[in-house]
Amino acid sequence: MINTKPIPVSRLQPIRLLPIVVLMWGGCFQLRAESYHFSQIVSGVDRHHAMISKATKDPFGMIWMLSGSTIFRYDGVNVTPFSRLYGDALPFYEVDQLHADPWGHLWLNTRNGIAIFDLHTWKFVSHGHRLAEFVGQQLIACFKSSDGFFVADKRGMAWSIAARDVQLLFRFDPSNVDQRRPVGRMLVADAEYVWFAFDDWLHRCDRHGQHKTQVRFPPGMFSRIEDLLPVSDGVLVRVYSQGYYACTGETFTYLPRSVFRTNDFTNWNHWSFEEEDKIIAFHEDRYLEFSRDTAFRLLATGSHQLDHHILYKRLNGWQREQDEWLLCTDQGLYSVFPTRIEFDFYDSGSARGMIKQQGTYYFGGYGYLDRMGHGQVLERYTAMPENNYYAFLALSRDTACIVLEGDFLAYLINGRVVPARIDVSPATPEKFTGMAYCVARQSADTLLVGTYNGIWKYALSTGAVSPLACANSGFFSRGMRVQSIRYHAGELSFTTDQGYFTWQASRFRKVYPTSEANLNTYAHAVHGNSVYLATKGQGLVVLDKLGHLTSAIGVEGGLASDIVYQLAWVGDALYLGTHDGLSVLKGDRIYNFFHTDGLPFEEFNHQASYYDETADRLFMGGVGGYIGFRPSAVFARAGDPLGGPRLSGFRIGMKSNRYVDTYARSQLRDTIQLPKDAVWISLGFAQPENHRQGYRMFFRIAPLMDAYQEMPASSQINLSGMSAGDYRLSVKIQAASSGDEEAVRTWLIHKPPVFTETLAFYLLILIAVGGITSYILYERARKAKGEDRLRRRISRDLHDEVGGLLTGISMQTDLLRIKTDYVHSPAVDSIGTYSREATQMMDDIIWAVDSRNNVQGSLADRMKLLATQLLEPLEVVITFDVDQREDRKIPQLVRQNLYLIFKEAIHNICKHAHAKTVHIRLHHTGRRLELTIWDDGVAEAQVTQAERRKGYGQRNMQLRATQIRATFTSGRTETGYEVSVVVPLHRARFWNWFRD
Amino acid sequence: MHDLVVGLAILGIAFSALGIILRIVDKRFRKDVADTLLNVALFAIMWHVFIYLMILTGHIQHLPNLYNKGIPLYYLIAPCLYLYVRYRLHPPKRLPARIYLHAFPFAFGVVDILPYAFASSVEKEALMHRLVDNISTGFEHEYGFVPQHWHYIIKLSLAFVYLMLQWRTLFRLDREEAGTPGRVVTELYSFTSLYTLFLVLQVGMVFNIVFNRVQSTYILQDSAQLIWVSCAYLVFSAWICLGPLLRRTK
C-alpha cells in the first residue's frame, strides 16, 4: 500500500542543470532529498470498487470518500459505508459532491440538493440550524482553506461560511449554466480574494464581500479550464490544452514555459498546486517549482514518479487537507505530503561500508564501487574491479584497507583499488576463509580481520595471515561469523552471530548473552562506561563496563524495530539503522524516522555507516543506497500535532444471540453503558493519518491491565466475560519520533450487574445461610432449655411429692418407736432405716438431676456434705483439698457421674476400710477435673472386701468413668487406698458449644 | 448518591460518638463491664467508618498516619459485642482471666500494623496516593506481615462465629430461670438483629468482591451498595445511642 520510492528533487538553478543532466546521462547520478512523498491510503472502498471520485477529511482525521455515488468513511483501518455508520435510513440515494468544512460538517450535494451532516451530533442539519438555509439547494462549488469554507450555490450566491456565521460574498447569474464540471477547482480563495469561474466569467471578490469584479474568459477558454490556482497578485488558470494563464482580475496573460516539454496539461499528465510562496507542478516525470505570482518564474526542477504511480491512474479529484493533498483516482486514494527531513539520497544500490579519502567518498557494496567527489555527483567507479566491498579502515591519509567478502582484503590507495598480498601459512591448522566482514587495527603492522571463521591476524608488511589464538583459549573465535571488531588498550571486543565477546590478557569471555543461547549481534560501540550492541531480535542492548545488562530497547521500548544492523555515535546521540527505519537515541528519548519522514528506504544494512566529521555528515546505507544528512537536523523537525484517539466502531454481543453494531454514534460519548446481559464487546479505533506513520497507538483497560499495550494492527479490542463494574479504557497516541508528545483519551465502560452480581443476591445467600444456622442454634437451645426445665420439674416433683412421703414414713416410724406401748419390732426399725436411706438417695438424685447445680461450688459442697454425714460418725478425720480456678459450669453428665463415683468410694470406705483418715482432693484446672479419694484403711480387710466387691462397686465406678470419658484408677498405695478420676473437659469443646 | 453515603455515615459516626460519651459520662454505665465493652466496639466501628470515609473522599492523603491503625481494633468489635450481650444477661461477679483470649486477634493486628507504622512518611504518602487512586490497594499493599486481604477474611469470619455465639446466648436464655427483665431481652434481641443486618451487608459486599475481584475498586466505591451499609450503620448507631439509653433504667 505504501510506495517507498522517493520523489527526487533537484534544487539547482536551471543554468546549472545542463552539466548534471549530462553527467546523469553518462551513468553518473547524484540525487538529492525529495520535497514531497506519497503513499496510497486505500486501494478502493472494497476489493472490487477501486474508483474514488471525491475525498475529504473531517476535523477528526477521518477521510470521507465518494465512490459510485455512495459515501464511505475511512478511519485509518476500515472503510465503512456511511449508511452503516448513520444507522437510520439516509435522506438521499445519490451524491455527486462531498466536502468537509473545518467545523465538523459534511456538505453533500445530492440529487435532492444539499444535505449537511453534523459530525458532532451525528445528525443531519435541519430547521433551526444556522446552515439550514443551504439544505435542499443545489451546490455548484465548494472550497476549503485552512481558515474558511466557501460555497457557491445554484441560487447564484457565493458564501463565506465561518465557524459561527454565514456571509454572502457576491451574487452571480446562475441562469445560463454550463454543465461542464472539471476535475479541478472552479472556486478558490487565498488570504485576500475569492475567485470563481462560472459560465464563461471569472468572478473575483475580496474576502469581506465588498469589492467584486468579473471578467469574461477569452473565447473557448472556459470550456478547457482544468484548475484555478490563487497567486499573490491574481489567479493562475490551467487550461488543459495550452498551459497556464494569469489573470489579475482584468486581463488574461498566457504563460508559456519552455520547461514544459509538451502542451499536454491534462490531469493524467500534469498536476499542480499552490504551496506557501510557490506553485508546485508535476508535469510528466518532471518536478517543477514556480513563483506563486503572475510572473510564474521557474525556481527549481527535479524529477518524480507521481505520473507513473498516480496521474496515470486517472485523477478524479484532489483536495487539500492540512499539509497533504488527497488525490482520488480510478485505482484508489493517494496522499501527497511534504517530507519533513531532507535526507540526501545516494542511489548506490545495496550498500555496505564506505570511506572518505582525499575528499572523495567511496561507497562499498556488491559490484562496482561508487564514488562522489567534490562535485557532489555520485558516479559508478567502473575503472576499478567489481567485488564485494564490505568494509573500510583508513590506515593513512591516502591508504585504506578494504574488507572484501570473498577476497579477504585489498587496499584503496589514492583512490585506486590494489589487491593485498595474502600469505596464509600451509601449516596453519585452522581453515582460512576469505569471507571477511570487519577489520580493526591491533598494532602498527597488524590488522585483525573478522571472517566467516573467526578472527585472523594480518601483517601489513608481509601479508602473513594467521588465526588469532592464545595459549589459554586457542583459536577462540573458531566457527564464528565475526561482524564487528574493536581493539582498544589491549582489549579485544567483537560481535558475532553468537553474541558479544571479549578477549583480554589471554582470557576469552562470552559477555552477552550470558546463557548458552546465541544472539546475532551485528555491531557494537563503546560510549562512556557502556557498550551498545546492535542485535537481531532484542533491538539495542546496553551493557555496563562489567558486561552486565543495563537495558534492552526494542519495539516495545520505542525503537523502530527489534533488528538493528548498524549503529553510530555522533555527539551525544546514537543513530541506529534498523530493519524498519532510522532510530535515534538521545538521552532517554527515542526518535524514529520512516519513509514518510523522507527516508528513501527503511531497511538498513550491516557495516553501512560512516560519519564525516569534517563535513558533519552522517552516511547510513541500506537496501536502496545511502542517505547522508546533518545529524542534528533530525531533532529540528517538528512532529505532527496529535489528534485525540477516536472510537470508530462498537459492537456488543448479548445473550440469546443478540448483537448490536454501532459504528459511529458511540464515538461521541465518553461513557458507554453496556446492557446487563452483554457477554462480549468489540471496540474499533480510528487511526487517522495511519499512512504517514507519524504515531504509535497504545491502549490500557483498567482494572484488567496495569500498563499500556500496543494497539493491534486491526485496531480492535475485544472483551468477553466481563463482570459487572466500571472499565476505564484509555487509548494513547504517541508521536513516533518522541516519547514526550502524546494524547490520551479515556472511555468509561459501565456494565451493570445481573441479579447474581448484586448485593441483594449475596444478602439473600447470607440470610439463607445465617437463617439455617440460627435455626439449628435455636432448636438446640430450645431442646436444651426444655431438658433443663424437665429436670427442674422432676427434681421439684420428687422433692415435693416423693420426698415428703418418705420423710412422712420415716417420721411415722420414729413416732411409733417412741410410743410407750411400742413393742420393739425389727420390721419397724427397718422401715425407718430404709425410709431415711431412701430420702437420702432421693435427695442425691434430685441434686444430680437439677441442672441448676451444675455450677462449680455445688459439686464440692455436696461432696463435703456427703463425706461429713457418712464419715464423721465413724470418727474419721476428713481433709478436703478443693481448688476451683474456673467458674465455668460443670457438664450435667460429668457432675452426676462424678458425684456417684465419689459416693461409691465414700461408702466403700465407711463399710470396709476402717480408716482413720480420709483425704479428698477436687481440682478443676479448666482443662480437666481431677478427683482423688485416699484413705489409710486396713490392708487385710480391704483386700478381702475389695475382692468381694470387685463385681459391683469397682465395676460401677469404672462404667461411670467411661461414660464421661474419664480416666479411672483405684488400688492400694503404700499408705492406704486411693481412687482417682480425671475428667477431660475441653475435648471437642467448640463443637460441644453448639451441641449442648 | 456519593454525598448521601458520606452524609449518612457521618451522621452514624456522630450518633456513635454521642453514645460513647453518654456511657462514659453516666456513672451507672461507666462502671458496667458490659457497657464498657460496648463502648470499645462502638469506637472500633466508628473508627472503621471514619477511615473508610477518609479514603473515599481522598482526605486520608493529608493524614497518612491515621491509616492502618484501626486494624487491631476491628478485631475487637465482634467479641466485645458478644460479651456485651452475655454480660448483660449474666453479669459476672468478676471478669475471668480467659476473657483476654478474645483479644488474641487484637495482638495479631497490632503486630501487623508495625511495617506501615515504621515506614517513612514518603512511603506512607505514596501509599495513600495509590490508595485514593485505587481503593483496592487497601487489601493489596505490601505493608504487613500477612497479605492484607486476610484481615478482612479473618475479621469477618470471626465476626460470623461470634455472632452465632451471640444468638446462641440469646436463644439459651431462660427468662423465668434467669429472671432477666423482658425489656432487656427485647433490647438485646433488637441490638443483635441490627448488628446482624450491619454485618451481613458488609459480608455481602465482601462476597461481591471475592466473586468479582477484578472490580473490587468499583465495588468498594459503589454508592448503590455503600448506601445500604451507611443506612444500616446509621440505624445501628442511632439505636444504640438513643433507643436503649433513653429507656434503660438500672
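1. Strands E52(A) and E53(A), the latter spanning residues 573-578, are paired over 6 bridges in the antiparallel sense. Within this pair, Ala573(A) of E53(A) sits opposite Val570(A). Please keep in mind that this is a predicted model.

2. Stepping back to the sheet: it is open and built from 4 strands, ordered E52-E53-E54-E55 in chain A, with antiparallel pairing. E52 (564-570) and E55 (589-593) of chain A are the edge strands, each pairing on one side only. From one strand to the next, the twist averages 20°.

3. Over in chain B, have a look at helices H8 (residues 149-172) and H10 (residues 182-210), which pack with their axes 11 Å apart and at an angle of about 155°. Because of that angle, H8(B) runs roughly antiparallel to H10(B). Their crossing is left-handed.

4. By class, the contact of H8(B) with H10(B) has 11 nonpolar residues, 4 polar and no charged.

5. Finally, the contact between the chains: chain A gives 22 residues and chain B gives 22 residues. On the chain A side, strand E66 (725-735) and helix H4 (759-818) each supply at least two residues. The largest share of that side, 14 residues, comes from H4(A). The residues of chain A that touch chain B comprise 12 nonpolar, 5 polar and 5 charged.

Methods. Residues numbered from 1 in each chain as written. Chains lettered and ligands numbered in written order. Predicted model: local features only at pLDDT ≥ 70, side-chain atom pairs only at ≥ 80, totals over all residues. Contact = placed C-beta atoms within 7 Å. Nonpolar A, V, L, I, M, F, W, Y, C, P; charged D, E, K, R; others polar. Axes fitted to C-alpha atoms, helices over the stretch in contact; angles between N-to-C directions. Parallel < 35°, antiparallel > 145°, perpendicular 65-115°, else oblique. Left-handed = near helix turned anticlockwise from the far one by under 90°. Pairing = 2+ DSSP bridges.
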